[in-house]
Amino acid sequence: MTSVDAVASNKKILVVDDDIDIVRLLTQALSQEGYVVESASQGSEVLRKTFEFLPDLILLDVMIPAPDGYHVAREITNDKTLKKKPIIYFITSRDTFKESKIMEFAGAAGVIPKPFSMTEIKTLIKGVLSKK
C-alpha cells in the first residue's frame, strides 16, 4: 500500500462509470492513495451524488446510460454551484470521438482514453487537485 499523499488527504472524488470493474479498480486504487471515493453508474445519479457528496473532482465516463456523460457534464457546468468542479472525462478510445466533440469540453480538467493507465490517472488527478 502506498503512503497517503498530502494532496490526496481527504480530497473527494466521484467516479462515474457503468462498468463495475472499472469502478472497483478506481475506487480501490484511489482509496489507497488517500482519496475519499464515491461512485455512480448512471447519469441520473451523478447530480444527486454531486450535491450530496460534494466531490473535489469528478471522473466521468462519457458513455454512461440515462443520460450520457456529455449531458451530465453540461448540467454540471451550467449549474452555478457546481460549475467550478473539475471534471476529467473518460472516452472510449482516442479515435472514437472527433476533435470537435472533445472541444465542447474545452474547460475539462483532462481527457483520459480507455483503456487507461492508472499512473496517468493518478498523475492527472494529483495535478488537478494541487491547483485547487
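Reader: Which residues are exposed on the other side of H5?

Author: One begins with a cut-off: a residue counts as exposed when its relative accessible area is over 50%, and as buried when that area is under 20%. Please keep in mind that this is a predicted model. On the other side of H5, the exposed residues are Thr119 and Thr123.

Reader: Which residues of H5 are buried?

Author: The buried residues in H5 are Met118, Ile121, Ile125, Val128 and Leu129. They lie on the same side of H5, because the arc they cover around the axis is only 100°.

Reader: What do the buried residues of H5 pack against?

Author: Packing is read from contacts, that is, from heavy atoms within 4.5 Å. The buried residues of H5 pack against S1, H1, S3, S4 and strand S5, which covers residues 110-113.

Reader: How many residues has helix H1, and how far does it reach?

Author: Helix H1, residues 20-32, has 13 residues. From its first C-alpha to its last it reaches 18 Å, close to the 18 Å expected at 1.5 Å a residue.

Reader: Which residues of H1 are buried, and which exposed residues does the face turned away from them carry?

Author: In H1 the buried residues are Ile22, Val23, Leu26, Ala29 and Leu30. They cover an arc of only 145° around the axis, and therefore sit on the same side of H1. The face turned away from this buried side carries the exposed residues Asp21 and Arg24. As for packing, the buried residues of H1 meet strands S1 (12-16), S2 (36-40), S3 (57-61) and S4 (87-91), together with helix H5 (118-130).

Reader: What is found at the start of H1, and what follows this helix?

Author: At the start of H1, a side-chain oxygen of aspartate 19 comes to within 2.9 Å of the backbone nitrogen of aspartate 21. Glycine 34 follows H1, and its phi is positive, near 105°.

Reader: Where does a residue other than glycine have a positive phi?

Author: Leucine 54 lies in the loop between helix H2 (43-53) and S3. Its relative accessible area is 48%, so leucine 54 counts as partly exposed. Leaving aside neighbours within four places in sequence, leucine 54 is in contact with Lys12, Lys49 and Lys85. The C-alpha atoms of leucine 54 and isoleucine 13 are separated by 8.7 Å, although these residues are 41 residues apart along the chain. Alanine 66 also has a positive phi, near 50°. Alanine 66 is in the loop between S3 and H3, and is partly exposed at 45% relative accessibility.

Reader: Which peptide bonds are cis, and where do their prolines lie?

Author: The angle to read is omega. The bond from alanine 66 to proline 67 is cis, with omega near -20°, and proline 67 is in the loop between S3 and helix H3 (69-78). The bond from lysine 114 to proline 115 is also cis, with omega near -5°; proline 115 belongs to the loop between S5 and H5.

Reader: How many aromatic pairs does the structure hold, and what sits over the ring of phenylalanine 53?

Author: The number of aromatic pairs is 0. Over the ring of phenylalanine 53 sits the charged end of lysine 12, 5.4 Å from the ring centre.

Reader: What pattern does the protein follow along the sequence?

Author: The protein has 5 helices and 5 strands, and along the sequence they follow the pattern β-α-β-α-β-α-β-α-β-α. Of its 132 residues, 42% count as buried. Among contacts between residues at least 6 apart in sequence, 64% join residues at least 24 apart.

Conventions
Residues are numbered from 1 along each chain as its sequence is written. This is a predicted model: local features need pLDDT of at least 70, side-chain atom pairs count only at pLDDT 80 or more; totals for chains, interfaces and linings use all residues. Side-chain values use heavy atoms; hydrogens and water are left out. Helices (H or I, at least four residues) and strands (E, at least two) are DSSP runs, numbered from the N terminus. The expected span of a helix is 1.5 Å times one less than its number of residues. Buried means under 20% relative accessible area, exposed over 50%, partly exposed in between (1.4 Å probe, protein chains only). The arc is that of the directions from the helix axis to the C-beta atoms. A polar contact is a pair of N or O atoms within 3.5 Å; within protein, one must be able to donate a hydrogen and the other to accept it, and residues adjacent in sequence count only if both atoms are side-chain atoms. Rings of Phe, Tyr and Trp (its six-membered ring) pair if their centres lie within 6.5 Å; planes under 30 degrees apart count as stacked, over 60 as edge-to-face and the rest as tilted. A charge sits over a ring if NZ of Lys or CZ of Arg is within 6 Å of the ring centre and within 35 degrees of the ring normal.
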